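Subject: Structure handover

Hello,

Here is the structure you will be working with. Please keep it open while you read the notes that follow.

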Amino acid sequence: MAHTHHHEIEQNNQTPYLIGIGLNLAFIIGEMIFAKLAGSTALFADALHSVSDVASLILSWLAVLVFGLKATRRRTYGFHNTTILASAINAILLLIAVGIIWFEAIDKLINGKAHVDGDIVIWVALVGILVNFLAAHFFAKSGQQEHDLNARGAYIHLLADAGVSVGVVISGVLIALTGWNWIDPLVSALIGIVIVVSSWDVFKQSLNLLLNGVPAGIDEAGIADYLANHAAVKSVHDLHIWGMSTTEAALTAHLAVTPTFNDADLDDITETLKHEFGIAHTTIQAETHLEVNCNTI
């Protein structure tokens, strides 16, 4: 059996998370207060969305903290899959927030008669746009959202919050001009739809990783084809690919190899899997004593 490890220890930048957490916490406190003063369900929905975002940012940040913890005898892969758990919890929190927002919106549409102060809604939402764009800017500057599902989820949440705040500004303007208070709960219901749409892909990817599915962006068919057609390989079986974290994929495979198979062939395979297919951790069992006639995943 040939067993090779390729670990790229990435020192994730914690600054975007800490800035996002601090800015959003301060804004949430103010938005909750002004939502009460303005009688605005839309502001409440925006604040609740921000609460879920802060929880998401905190969970993602904690995942970054444990990413570098060393493996133990009981946890031989370390704690990298904590990032997968954090990503799944993030998505679930957003879906729960949507349920609360829709409940409040329906209740307000059916029973709500309170006056909504459009001017307060406008100014608070404008601050929300600034806060979320500023926090998202630090993620974009770090580039982490390009390759880390947790960072991507946090980045999407922040941009979605900014977009939501734009909608709240528009509702505030319309309420101030027309006095139509029903616009406020209607906008909050639309906010819920925006949240679902913006987070659904992250939710699906997180669930797939929790079930040890092939991570998004990994070409499993291409990998199987490459291994089966390698000059030193006769056939492939028991090929498995899964996510060790939101940024790392692992692979195990049994290869029926030629009698001349050597360390150079093994290095060639593992380096190709690493650099061309994004496999960070490869375990290969080379079998020279049998012939396998099927290529399976």
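Trp180 counts as partly exposed, at 47% relative accessibility; partly exposed means between the limits for buried (under 20% relative accessible area) and exposed (over 50%), with a 1.4 Å probe and protein chains only. Trp182 is also partly exposed, with a relative accessible area of 48%.

This is a predicted model, in which local features need pLDDT of at least 70 and side-chain atom pairs count only at pLDDT 80 or more, while totals for chains, interfaces and linings use all residues. Residues are numbered from 1 along each chain as its sequence is written, and side-chain values use heavy atoms, with hydrogens and water left out.

Aromatic pairs

A pair of aromatic rings is described by the distance of the centres and the angle of the planes. Rings of Phe, Tyr and Trp (its six-membered ring) pair if their centres lie within 6.5 Å; planes under 30 degrees apart count as stacked, over 60 as edge-to-face and the rest as tilted. A search of the whole structure finds 3 such pairs. One of them is formed by Trp180 and Trp182, which are stacked at 5.8 Å centre to centre, with 20° between the planes. Another aromatic pair, Tyr226 and Phe277, is tilted, with 5.8 Å centre to centre and 40° between the planes.

Why does the pair of Tyr226 and Phe277 tie together parts that are 51 residues apart in sequence? Tyr226 lies in helix H7 (residues 220-228) and Phe277 lies in helix H8 (residues 263-277), so the pair links those two parts of the sequence. Helices (H or I, at least four residues) and strands (E, at least two) are DSSP runs, numbered from the N terminus. Tyr226 counts as buried at 18% relative accessibility, and Phe277 counts as buried at 15%.

Helix packing

H7 and H8 pack at an angle of about 155°, with their axes 12 Å apart. Axes here are lines fitted to C-alpha atoms, for helices over the stretch in contact, and angles run from 0 to 180 degrees between N-to-C directions. H7 and H8 are therefore roughly antiparallel to each other. For that wording, angles under 35 degrees count as roughly parallel, over 145 as roughly antiparallel, 65 to 115 as roughly perpendicular and the rest as oblique. The crossing of H7 and H8 is right-handed; a crossing is right-handed if the near helix is turned clockwise from the far one by less than a right angle, and left-handed if anticlockwise.

Which residues of H7 and H8 meet? On the H7 side they are Gly222, Ile223, Tyr226 and Leu227, and on the H8 side Asp268, Ile269, Thr272, Leu273 and Phe277. Contact means heavy atoms within 4.5 Å.

Helix H3 (residues 82-111) packs with helix H6 (residues 183-210) at an angle of about 160°, and their axes are 8 Å apart. H3 and H6 are therefore roughly antiparallel to each other. H3 passes H6 in a left-handed crossing.

Single residues

Ile129 is part of helix H4 (residues 118-142). Is Ile129 buried or exposed? Ile129 is buried, with a relative accessible area of 17%. Not counting residues up to four places away in sequence, Ile129 touches Ala162, Ser165, Val166 and Val169. The C-alpha atoms of Ile129 and Val164 are separated by 8.3 Å, and the two residues are 35 residues apart along the chain.

Asn212 sits in the loop between H6 and H7. Asn212 is not a glycine, although its phi is positive, at about 60°. Asp238 is not a glycine either, and has a positive phi of about 50°. Asp238 belongs to strand S2 (residues 233-243) and counts as partly exposed at 36% relative accessibility.

Ser235 lies in strand S2 as well. Ser235 is buried, with a relative accessible area of 2%. Its C-alpha atom is separated by 9.7 Å from that of Ala224, 11 residues away along the chain.

The whole protein

The secondary structure comes to 8 helices and 4 strands, and along the sequence the pattern reads β-α-α-α-α-α-α-α-β-β-α-β. Of the 297 residues, 48% count as buried. Among contacts between residues at least 6 apart in sequence, 77% join residues at least 24 apart. The protein exposes about 14300 Å², of which carbon and sulfur atoms supply 64%. Accessible areas come from the Shrake-Rupley method with a 1.4 Å probe, and for residues only the protein chains shown count as cover.

Regards
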